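Hello,

Here is the structure I said I would pass on. My notes on it follow.

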Amino acid sequence: MKRGSVERHKSNAGKYIVAVLILAIAAFLVYNFFKPGEPEIVPSDETTTISDEPSWDHPVSTSYFYIGDFFFGGSDDEVHNLSYFYFSDFNEGAAVVGVDTNDFYFVLDPDSDRFGVVSDWEADLGIYSFTPGKISTETISFGQYPVRYNYYVSSDRERLFLFLSAQDFPMQFSKTMWFKGTDSTDSGSPGLPYFLPSLDEFGYVKGQKPGTAIFSFDEDEDGKEDIFYYMDTLYWAPIEPGSRDSYQWQVVFPHNGRKLGFNLLEGNEMKIDSYGSLMRRGLNVFYVTMPAKNLPLPSPTEEDWIPEEETA
């Protein structure tokens, strides 16, 4: 074989070895650095399922969600009962809405698109402008526990709606609950800063996909959202599994550093996370129970304290 031919063979062999090395390195990088990651939220396994409600060492804070309203313990040590929205007909220009244990009167101005709000103890709570047939961007706040609502007066000025506005709710033991708003387009984020029920008054058509109301909770008192709850705005209950494109789970909660998804398929199925929070679905109710964190033990009273020499 001629010398030139040998050199060409050596050169081709060298190129082949380099190509093999490049392919091997590329395969290594793809496998170790570019392989598809696990989904952000994975199904909750049986280790998070419990059959009996646990006993907690510390006090707990529970938020109950029923069809139409919800309860929670506030930071003021009071239990608050709020509705997702309120409705009243105008009768001779006045609508009455019961909030807390009081009635509030919405009185239309016959000459303009405004109404005044008066409490049942005759307190004047202000005058508000509206556009008939449109939900307000302005909010109104009233009640013994002031909560913000967006409002709506129908085009014919015969119906009044109040919608729970997106806001945070300070809870017991420095915990927080948030209402994030309504995702009415299944986009994956709350595009409306209020609770919009799926009613024909607001364009909902039977058989159409309802909106999704989003609630979240700070369970460990660090100011960050931990547990998420997704509610159907037609039935005011957890979304039906498989009914949304953007929401695979009714409840998302943390467990051992991961996000787990939970669809409440059984009537009384309970899940618990690594922090100790309990999520449960019963008949027409869903609730979240979150233990208090690092509460100091109560100081002993004089009756509890016994000198050592008396116990000897």
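Asp113 is partly exposed, with a relative accessible area of 34%. In this predicted model, Asp113 forms a salt bridge with Arg157, the closest N and O atoms being 2.9 Å apart. Arg157 lies in the loop between strand 12 (147-153) and strand 13 (159-164), and Asp113 in the loop between strand 8 (102-108) and strand 9 (114-119), so the bridge ties together parts that are 44 residues apart in sequence. Arg157 is partly exposed too, at 23% relative accessible area.

A second pair is Arg159 and Glu201, whose side chains meet in a salt bridge at 2.9 Å, N to O. This pair also links distant parts of the chain: Arg159 is in strand 13, while Glu201 is in the loop between strand 15 (176-183) and strand 16 (212-218), 42 residues apart. Relative accessibility is 22% for Arg159, which counts as partly exposed, and 24% for Glu201, which is likewise partly exposed. Salt bridges with shared partners join Asp156, Arg159 and Glu201 into one network.

The count of salt bridges comes to 11. One of them is between Arg280 and Glu53 (3.5 Å, N to O). Arg280 sits in strand 21 (residues 278-282) and Glu53 in the loop between strand 2 (49-50) and strand 3 (60-66), 227 residues apart. Glu53 is partly exposed, at 39% relative accessible area.

Leu125 has 31% relative accessibility and counts as partly exposed. Leaving out residues up to four places away in sequence, Leu125 touches Phe104, Val117, Ser119 and Phe142.

Regards

Terms used: Residues are numbered from 1 along each chain as its sequence is written. This is a predicted model: local features need pLDDT of at least 70, side-chain atom pairs count only at pLDDT 80 or more; totals for chains, interfaces and linings use all residues. Side-chain values use heavy atoms; hydrogens and water are left out. Buried means under 20% relative accessible area, exposed over 50%, partly exposed in between (1.4 Å probe, protein chains only). Contact means heavy atoms within 4.5 Å. A salt bridge is a side-chain nitrogen of Lys or Arg within 4 Å of a carboxyl oxygen of Asp or Glu. Helices (H or I, at least four residues) and strands (E, at least two) are DSSP runs, numbered from the N terminus.
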